[in-house]
Amino acid sequence: MQKVYLDNAATTQVREEVISKMQDALAKFYGNPSSTHSYGRSAKTAIENARKTIAKHLNAHPSEIIFTSGGTEADNMVLRCAVRDLGVETIITSKIEHHAVLHVAEELEKEYGTKIAYVDLDGFGNPKMDHLKELLHNDPAKKLVSLMHVNNEIGNIIDIVAIGTLCKEAGALFHSDTVQSVGHFAWNVAETPIDFLTAAAHKFHGPKGIGFAFIRKNSGLKPLIVGGSQERGFRAGTEAFHNIVGLEEAFVAAYANLEEEKAYVSGLKKYFIEKLKKELPQAEFNGYSGDLERSTYTLTNVRLPFDSQKSLMLLFHLDLKGIACSKGSACQSGSNKGSHVLSEILNGEEVAKPSLRFSFSKYNTKEELDYTIEVLKEFSAS
């Protein structure tokens with residue numbers, strides 16, 4: 001049986017050089033980075049070098065990079081601390097954000113009475129800029145806008161500069177969950193009107209359990225996790241040194257090979273879309289995921305022409321054939337709930353049809369895509 005991994009939006013295969021770097025770190029640099037002896041100083045130096053490397057690629061200051069356990073913690077940190085420390089009274093977001101934002105906003109509403117406002121979306125899942133502008137100016141409350149740069153299910157890319165500019169004009173803070181775009185798109189935070197962004201290493205061929213938050217200098221945020229002076233006092237707890245150097249290695253490799261790998265993966269997506277349209281012409285693409293310009297090159301979300309009875313067996317059938325993909329965010333795996341993203345942008349008849357997210361990486365091949373489409377075609381005919 002052929003094995004095909006097309007769930008790279010959930011997590012990615014770790015690069016060999018990252019594994020090697022982490023093994024070396026675990027074997028040789030086991031000192032506590034907070035210790036003052038040579039073992040600790042060696043680890044601490046490597047952490048600070050990683051921080052500088054990431055800051056340089058983002059055109060940020062090293063002090064603006066805070067290592068976290070991943071994107072979810074980073075999102076929690078920014079939203080919770082903005083309400084607690086900066087007097088944010090209203091969070092403006094959308095109903096198709098990752099639950100690391102939506103669920104935190106709901107909790108803040110319960111705990112602090114924070115008002116949650118949802119920007120209207122068009123039929124493709126894009127925020128309506130006129131409505132966003134209206135929400136930003138409808139009352140004098142301190143506001144924070146949280147909109148993800150690349151949607152993790154349908155791949156839509158928002159105009160982050162335009163949105164950031166609107167926020168700046170209105171005196172609002174702007175946070176973006178950039179977990180699906182850091183490592184896949186170039187960033188320059190010095191020229192982007194954004195206050196906070198978040199990232200996770202395992203989305204760009206790094207280890208799980210490590211990520212970072214970019215927090216604009218002099219933001220006024222205070223620690224979410226207390227108990228030690230690590231991360232310049234911003235996040236207590238002994239640093240996961242091996243994960244941090246793994247993140248750095250993956251980050252450097254992602255940007256060193258960005259154009260080459262982007263061209264290759266974009267070619268895979270284009271090939272998959274064209275062949276799927278030919279072999280299953282009734283298939284449709286959700287959001288802008290079938291558009292090579294307005295969605296990320298790393299994924300597409302396909303609505304398949306199968307009835308409800310067949311759709312129950314679809315993912316199981318693909319898994320039996322060795323094909324890994326997703327019916328939505330990996331964070332929903334094991335849940336009987338459908339995709340909150342698709343439920344928001346599709347009508348009832350469209351939602352009833354099975355939708356699958358196929359996400360690609362440098363490790364995939366056209367032969368794997370041929371096999372996947374052939375399996376779908378056979379399933380359709382059965």
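Here are some notes on helix packing, strands and a few single residues in this predicted model.

1. **Ground rules.** Since this is a predicted model, local features need pLDDT of at least 70 and side-chain atom pairs count only at pLDDT 80 or more, while totals for chains, interfaces and linings use all residues. Residues are numbered from 1 along each chain as its sequence is written, and side-chain values use heavy atoms, with hydrogens and water left out. Helices (H or I, at least four residues) and strands (E, at least two) are DSSP runs, numbered from the N terminus.

2. **H1 against H7.** Two packed helices are described by the angle between their axes and the distance between the axes. Here the axes of H1 (residues 16–28) and H7 (residues 241–256) come within 8 Å and cross at roughly 155°. Axes are lines fitted to C-alpha atoms, for helices over the stretch in contact, and angles run from 0 to 180 degrees between N-to-C directions. H1 and H7 are therefore roughly antiparallel. For the wording: under 35 degrees counts as roughly parallel, over 145 as roughly antiparallel, 65 to 115 as roughly perpendicular, and the rest as oblique.

3. **Who touches whom there.** H1 passes H7 in a right-handed crossing, meaning that the near helix is turned clockwise from the far one by less than a right angle. On the H1 side the contact includes Glu 17, Lys 21 and Met 22, and on the H7 side Phe 241, Gly 246 and Glu 249 are among the residues involved. Contact means heavy atoms within 4.5 Å. The residues divide into 8 nonpolar, 3 polar and 4 charged. In that count Ala, Val, Leu, Ile, Met, Phe, Trp, Tyr, Cys and Pro are nonpolar, Asp, Glu, Lys and Arg are charged, and the others, Gly among them, are polar.

4. **H3 against H4.** H3 (residues 71–86) and H4 (residues 99–112) pack at an angle of about 30°, with their axes 10 Å apart. That makes H3 roughly parallel to H4, and the crossing is right-handed. Among the contact residues are Asp 75, Leu 79 and Arg 80 of H3, along with Val 104, Glu 107 and Tyr 112 of H4. By class, this contact has 7 nonpolar, 2 polar and 5 charged residues.

5. **H8 against H12.** H8 (residues 258–279) packs with H12 (residues 366–381) at about 25°, with the axes 10 Å apart. H8 and H12 are therefore roughly parallel. H8 passes H12 in a right-handed crossing. From H8, Tyr 271, Phe 272 and Lys 275 are among those that meet H12, whose contact residues include Leu 369, Asp 370 and Ile 373. The contact has 7 nonpolar, 1 polar and 5 charged residues.

6. **The sheet under H8.** H8 also lies across E9, E10 and E12, running at about 15° to E10. These strands form an open sheet in the order E9-E10-E12, with antiparallel pairing. E9 (284–285) and E12 (355–359) are at the edges with a single partner strand each, so one side of each has no neighbour in the sheet. E10 (residues 299–303) and E12 pair over 5 bridges, and Val 302 has Leu 356 as its bridge partner in E12. Two strands pair if DSSP finds at least two bridges between them.

7. **Strand E7.** In E7 (residues 196–200), 5 of 5 residues are buried. Buried means under 20% relative accessible area, exposed over 50%, and partly exposed in between (1.4 Å probe, protein chains only). Phe 196, Thr 198 and Ala 200 point one way, Leu 197 and Ala 199 the other. E6 (residues 173–177) runs parallel to E7, joined by 3 bridges, with His 175 opposite Phe 196. E8 (residues 211–215) pairs with E7 in the antiparallel sense over 5 bridges; there Thr 198 stands opposite Ala 213.

8. **Lys 115.** Lys 115 is in strand E4 (residues 115–118) and counts as partly exposed at 44% relative accessibility. Leaving aside neighbours within four places in sequence, Lys 115 contacts Glu 89, Thr 90, Ile 91 and Asp 139.

9. Most residues other than glycine have a negative phi. Asn 218, not a glycine, has a positive phi of about 60°, and Arg 232 has a positive phi near 55°. Asn 218 is exposed, with a relative accessible area of 75%.
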